[in-house]
Amino acid sequence: MEIDTVENRSGPTTTLEKQMLVQWCMSAQFFSETVLQDNLKRILGEEHQETMQEIIDKLNSTLEQFSLALRSSMSQTSGERWWALISTNADGISMTASAYSAVELGILRQLIESVFTEPLGNYVIGLHQAVREATEKAPNSFSRREAQDLVMIFCRDGWLEIDDGKWVTIGQRACIELQQYLEDAYPEFIRTCGLCKEMATTGLVCGECGTFLHPFCADRLKSATTGALSCPECRQQLNSSDAFGPGKSGIPHSVKLDSTQAQD
Ligand SMILES: [Zn+2]
Ligand SMILES: [Zn+2]
């Protein structure tokens, strides 16, 4: 077949290749950039010349007609980029996480709210609390075991994440797919990293100006400066104990930080 010729392999993506990529994205739904790159090589050939951005743009122009799009966000701790196929006309959790039953969606919504609005500003709840809330939210009262299994399914699917075997926090997929929903539903709980400008649910805060930094972005700054870590906005030295996220002391949302410089 013509698409197997050498010219086509190193040239622009053919219609068939684009179709195969769209189909793969639709079945995979949520994947790391490493997995995406492996599949680009598998479908386009090792020698393909197109940049990730060119391919994503092409796929998104095809996906647009189905009200779908590929969006990404960076892992806040490792810096790895993750991608998800999202519904662009989704009005919240129900449209997006449509693989679940109404009861399961209600539980997921409840858990995301508990994690996101947790008063210490660590964006975590204990696994026991998550299981208890899931049990109570189910109309015919799940068994503890069923509730725990459901929490694990939400984690497996990337909506939530288990940290250190005992904390439940917001998952990578929720960071990508539910960003708009979270911004609309909980605007006062949203934090944005001063370096990469993506949503931050774990990291450091500058005690001086209130700028937030992801753990990965703080590491990136540290290795770029080779000295003490200072705030990218006000140059104040950052204190590693001013941290929020799983197992951290937290930055309560009730504490109003002067973040005017970080918001411009
Ligand atoms: Zn960042
Ligand atoms: Zn600062």
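Begin by selecting Cys217, which counts as buried because its relative accessibility is 0%, where buried means under 20% relative accessible area, exposed over 50% and partly exposed in between, with a 1.4 Å probe and protein chains only. This is a predicted model, in which local features need pLDDT of at least 70, side-chain atom pairs count only at pLDDT 80 or more, and totals for chains, interfaces and linings use all residues. Residues are numbered from 1 along each chain as its sequence is written, chains are lettered from A and ligands numbered from 1 in the order in which they are written, and side-chain values use heavy atoms, with hydrogens and water left out.

Next, select the zinc ion (ligand 1), which Cys217 (SG) coordinates together with Cys193 (SG), Cys196 (SG) and His214 (ND1), at 2.1 to 2.4 Å; donors are N, O and S atoms within 2.8 Å of the metal (3.2 Å for Na, K and Ca), and water is not among the atoms, so sites may look incomplete. The angles among the 4 donor atoms run from 94 to 116 degrees, and the site is tetrahedral, a term that requires four donors with all angles between 85 and 135 degrees. His214 is also buried, at 1% relative accessibility.

Then move to the zinc ion (ligand 2), where the SG atoms of Cys206, Cys209, Cys231 and Cys234 coordinate the metal at 2.3 Å. This site is tetrahedral as well, with angles of 101 to 116 degrees among its 4 donor atoms. Finally, select Cys231, which is buried at a relative accessible area of 1%, and Cys234, which is partly exposed at 24%.

Terms used: Tetrahedral: all angles 85-135°; square planar, octahedral: opposite > 155°, others 65-115°.
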